[in-house]
Structures are given as structure tokens and as C-alpha cells.
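Please keep the sequence and the model in view while reading.

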Amino acid sequence: MADPKTMFRDDGSYNFKQREDWGYSHSYDFMAGWLGQGEVEEEKKRKRKMGKVDLPAPPLPDDKAIVDTIEKTASHIHKSSDPTVFERLVQEKNKGKPEFGFLSEKGYGHDYYVFVRHCLERKVDPRPLAEKARAVKEDREKKEAN
């Protein structure tokens, strides 16, 4: 720290330039843990991703009942306080039911379920993107058949 005697001029006024001469610098880096800097950065990253989809849209499953079940289940899981625990609970409760087969990785509609969960996190409507992917898939199949 600077000597207090040299911080004042001969006339008794405070020498503000003296602090700059001593190479004074200050930052709040030492308080980053206290202020929750990590959480703030994660929230900024999450907000930057809003409205953008990183996963390719899978085609919409053919069965409308399964599509509705997938979307309702994904929205309930997304709204829960701990989605991973709630998803595991739903998997265990509906283990043998074929309409909840999308919860297992090899089940019918699992790719659409993962896409819906991703879209709910980013606040994007998944159905138009999946319908477009389905139309593209059908067009490709028609072209390959000809």
C-alpha cells in the first residue's frame, strides 16, 4: 500500500494521480464464487440457445396417438422439478406397456421423444419440424421407388 504521507500534496490536497502511479488495479474476480458467476454464465449460454434446434428433426411417427402420448409425456417430464428422476419413474411405471415403448432407447418413436425434449428445453414447437422431415422422407422414398 502507498505511504499515506506521499498521497497528499504539500498544500494538503489529495494526490489522485499517486494511486495510478503505483499501478493500482482492482477486479471482482475474488468474489466470483460468492456472486454465483458460474450459474450466471450457464444461464447466459442457455438463453443464447433459445429458439435454436441443434438436433436434426426425425420424421413424425405414423400413429397419431403415440405422437400425442410422446408430446404429453415429454411436456410433463420437462415441467417437473427434476426431469431425470421423473423420467426414470415414468419408465418404471410403464415398463410393459407398448404405448410407452418410446421411453426405451430402442423403442418406436424414441428419436422423436428425444427431439421433443430438446425442443421443449429450447422453447421451439417440434411438430412442424417433424412434419417437414416426414414429408422429406416420403419424397425420398418415392424418388427411390421410381
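Which helices are included in what covers the buried residues of α6? The model is a predicted one, and in it the cover over the buried residues of α6 includes α4 (64-79), α5 and α7 (126-145).

## Helix α6

Helix α6 takes in residues 110-122. Its length can be checked against its residue count: at 1.5 Å a residue, the 13 residues of α6 should span 18 Å, and the end C-alpha atoms are 19 Å apart, which agrees. Just after α6, K123 has a positive phi of about 60 degrees.

The buried residues of α6 are H110, Y112, Y113, F115, V116, R117, H118, C119 and R122. The list includes the charged residues R117 and R122.

## H118

H118 sits in helix α6. Its relative accessible area is 10%, and buried means under 20%, so H118 is buried. Apart from neighbours within four places in sequence, H118 is in contact with V53, D54 and L55.

G109 belongs to the loop that runs between α5 (83-93) and α6. Is G109 buried or exposed? With a relative accessibility of 8%, G109 falls under the 20% limit and therefore counts as buried.

Once neighbours within four places in sequence are set aside, the contacts of G109 are P61, I70 and F102. G109 and P58 are 51 residues apart in sequence, while their C-alpha atoms are 9.2 Å apart in space.

## How α4 meets α5

Two packed helices are described by the angle between their axes and the distance between the axes. For α4 and α5, the axes come within 8 Å and cross at roughly 140 degrees. The crossing of α4 past α5 is right-handed.

Which residues make this contact? From α4 come T73, H76 and I77, and from α5 come P83, F86, E87 and V90. By class, the contact of α4 with α5 has four nonpolar, two polar and one charged residues.

Methods:
Residues are numbered from 1 along each chain as its sequence is written. This is a predicted model: local features need pLDDT of at least 70, side-chain atom pairs count only at pLDDT 80 or more; totals for chains, interfaces and linings use all residues. Side-chain values use heavy atoms; hydrogens and water are left out. Helices (H or I, at least four residues) and strands (E, at least two) are DSSP runs, numbered from the N terminus. Buried means under 20% relative accessible area, exposed over 50%, partly exposed in between (1.4 Å probe, protein chains only). Contact means heavy atoms within 4.5 Å. The expected span of a helix is 1.5 Å times one less than its number of residues. Axes are lines fitted to C-alpha atoms, for helices over the stretch in contact, and angles run from 0 to 180 degrees between N-to-C directions. A crossing is left-handed if the near helix is turned anticlockwise from the far one by less than a right angle, and right-handed if clockwise.
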